[in-house]
Amino acid sequence: QVQLVESGGGLVQAGGSLRLSCVASGRTFGSYAMGWFRQAPGKEREFVASINRNGGNIYYAESVKGRFTISRDNAKNTVYLQMNNLKPEDTAVYYCNVQTFYPIRANAGSWGQGTQVTVSS
């Protein structure tokens, strides 16, 4: 089973940027689709962005389109989420997700432990 470790969260002012990273264990990272989800306090977990195994297909939630960029480096077993022009409503715990097939589904695959992103106004 693939293990995921996220990093890069923190506290940032509105309008600022953060880059999240998710490192996966195993030698078959390039075979998997990857995604980012987030969960704000009192809310359900929601989809943020996904990328297929070679980076040729990418999809974003409408709420982050134009501000967030997902990318991957298969040589480093890492998927990234570059977050620009952050808003207070982006505050959440961000989770990395790995699945066998693309497009990814909301409640499937394996999850990391999450990294907290807090955006102050």
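Three aromatic pairs are counted in this predicted model, where rings of Phe, Tyr and Trp (its six-membered ring) pair if their centres lie within 6.5 Å, planes under 30 degrees apart being stacked, over 60 edge-to-face and the rest tilted. Because the model is predicted, local features need pLDDT of at least 70 and side-chain atom pairs count only at pLDDT 80 or more, while totals for chains, interfaces and linings use all residues. Residues are numbered from 1 along each chain as its sequence is written, and side-chain values use heavy atoms, with hydrogens and water left out.

**Aromatic residues**

- The ring centres of F37 and F47 are 5.7 Å apart and the planes stand at 80°, so this pair is edge-to-face.
- F37 belongs to strand β4 (residues 33-39) and F47 to strand β5 (residues 46-51), so the pair ties together parts that are 10 residues apart in sequence; helices (H or I, at least four residues) and strands (E, at least two) are DSSP runs, numbered from the N terminus.
- F37 counts as buried, at 2% relative accessibility; buried means under 20% relative accessible area, exposed over 50% and partly exposed in between, with a 1.4 Å probe and protein chains only.
- F47, with a relative accessible area of 24%, is partly exposed.
- The rings of F37 and W111 are also edge-to-face, because their centres are 5.0 Å apart and their planes lie at 70°.
- This second pair links distant parts of the chain, 74 residues apart, with F37 in strand β4 and W111 in strand β10 (residues 110-111).
- W111 is partly exposed, at 27% relative accessibility.
- One aromatic cluster is formed by F37, F47, Y59 and W111.

**Charges over rings**

- The charged end of R45 sits over the ring of W111, at 3.6 Å from its centre; the criterion is NZ of Lys or CZ of Arg within 6 Å of the ring centre and within 35 degrees of the ring normal.
- The charged end of R72 sits over the ring of F29, 4.5 Å from its centre.

**The open sheet**

- Four strands make up an open sheet in the order β1-β3-β8-β7, with antiparallel pairing; two strands pair if DSSP finds at least two bridges between them.
- β1 (4-7) and β7 (68-73) are the edge strands, each with a single partner, so one side of each has no neighbour in the sheet.
- From one strand to the next, the twist averages 15°, with axes taken as lines fitted to C-alpha atoms (for helices over the stretch in contact) and angles running from 0 to 180 degrees between N-to-C directions.
- β1 and strand β3 (residues 18-24) run antiparallel and are joined by four bridges.
- Within this pairing, V5 stands opposite V23 in β3, and S7 has S21 of β3 as its bridge partner.
- β3 and β8 also run antiparallel, joined by six bridges.
- Five of the seven residues of β3 are buried, so β3 is largely enclosed by the rest of the structure.

**The surroundings of T78**

- T78 is found in strand β8 (residues 78-83), where T78 is the bridge partner of V23.
- T78 counts as buried, at 6% relative accessibility.
- A polar atom of the T78 side chain lies 2.7 Å from the backbone oxygen of K76.
- Leaving aside neighbours within four places in sequence, T78 is in contact (heavy atoms within 4.5 Å) with S21, C22, V23, F29, S71, R72 and D73.

Notes:
Polar contact = N/O pair within 3.5 Å; in protein donor to acceptor, adjacent residues only side chain to side chain.
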